[in-house]
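Please find below a colleague's note on the model under review.

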Amino acid sequence: MKKTLILFITTILITGVAGCSNSGDTDTSEADGRISVAVTTTFLDDMVSVIDEDADAFHTTLIIPAGEDPHVYQPKASNLKTIMESDLLFYQGLNFEGRMADVLTDGVPVAEDFDDEALETEKEGETDPHFWFDIELYKQAMTIVKDALAAEAPEHENTFQSNLDAYFEELDALHTYTQNRISEIPEESRILITPHDAFGYLSASYDLDVHAPQGFSTESEVSNNMINQTADLIMNNNIKAIFVETTTNPDQMKRLEEIVSSRGGTVTVAGSSEDALYSDSLGKEGEAGDTYIGMYKHNIDTIVDNLK
């Protein structure tokens, strides 16, 4: 976008660079003539990759690396340079990239135009940003990305649309797969407990009852009262397993396991690297969840295999 904005914001944020995690940035200055695109999250990176397949019209730079938590990611000077120098920027919006909100004003927010009735909210009115667990909303986001890419590279519009149509067929198959797998869990056992409230759209789309002691953001506080209420839920419903997430601290679930055990109950923490659920990020390259469809199937298989 060759932006000239956020100069003062850049100065402020650079002071907080020390100690931040490594980013997935690559240099956008040599893009072999391709259009430079910056994306904040792995989900958007996957969308652009799917739509741009065969056309190869874009050089894409991922800002928040796979496996990191976008809720608390602290932008670095190199990230801001990428944003300012990109021709096109995609971000998810709905306050998902909480600490980057001030520097994303000139990009394309893929969730901004969703129907309010399709969005999940808390009692306080906070909107749940984890829309990707609703496959139909994910399709809407991908259409927004496709339209923006086509506007930048109109000569490839037919290829982009063809790729999108083919991918939508895969998403329809994913929806059917998810329905069939969840039907394997007895209705009384369809209770999913995770560290933070990232699976509300999965709950709304399928017959799952989702609970989490923490709110939509991993920055929200976890009270002892919420932990104890969740432990009561586990005990009262004889829940077999609770789950950790790849981008959250597993200690919260281990604490729940200990509380349940102290009350004479038993619950398994599905917490190995193979069992952790992907919530706020796709997996690193080579992992089962390194694509959207791979992530979704991994999560559903893990949930079903531990609860049925």
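The numbered points below go from the whole chain to individual contacts.

1. Basis. This is a predicted model, in which local features need pLDDT of at least 70 and side-chain atom pairs count only at pLDDT 80 or more, while totals for chains, interfaces and linings use all residues. Residues are numbered from 1 along each chain as its sequence is written, and side-chain values use heavy atoms, with hydrogens and water left out.

2. Overall composition. The chain comes to nine helices and eight strands (DSSP runs numbered from the N terminus: H or I of at least four residues for helices, E of at least two for strands). Of its 308 residues, 52% count as buried (under 20% relative accessible area, with a 1.4 Å probe and protein chains only). Among contacts (heavy atoms within 4.5 Å) with a separation of 6 or more, 73% join residues 24 or more positions apart.

3. Four strands form an open sheet in the order 2-1-3-4 with parallel pairing (two strands pair if DSSP finds at least two bridges between them). Strand 2 (58-62) and strand 4 (108-109) are the edge strands, each pairing on one side only. Strand 3 (residues 88-91) pairs with strand 4 over two bridges, and phenylalanine 90 stands opposite valine 108 in strand 4.

4. Helices across the sheet. Helix 2 (residues 42-51) lies across strand 1 (35-39), strand 2 and strand 3, at about 165 degrees to strand 2. Helix 4 (residues 135-152) lies across strand 1, strand 2, strand 3 and strand 4, at about 175 degrees to strand 3. Axes are lines fitted to C-alpha atoms, for helices over the stretch in contact, and angles run from 0 to 180 degrees between N-to-C directions.

5. Helix 5 and helix 9. The axes of helix 5 (residues 157-182) and helix 9 (residues 292-307) come within 10 Å and cross at roughly 5 degrees. Helix 5 is therefore roughly parallel to helix 9 (angles under 35 degrees count as such; over 145 is roughly antiparallel, 65 to 115 roughly perpendicular and the rest oblique). Residues of helix 5 in this contact include Tyr167, Leu171 and Arg181, and those of helix 9 include Tyr296, Ile300 and Asp305.

6. Helix 7 and helix 8. Helix 7 (residues 224-237) and helix 8 (residues 251-262) have axes that come within 10 Å and cross at roughly 60 degrees; the two are therefore oblique to each other. Among the residues that meet are Ile227, Ala231 and Ile234 in helix 7, and Arg255, Leu256 and Ile259 in helix 8.

Methods:
Buried < 20%, exposed > 50% of the residue type's maximum accessible area, 1.4 Å probe, protein only.
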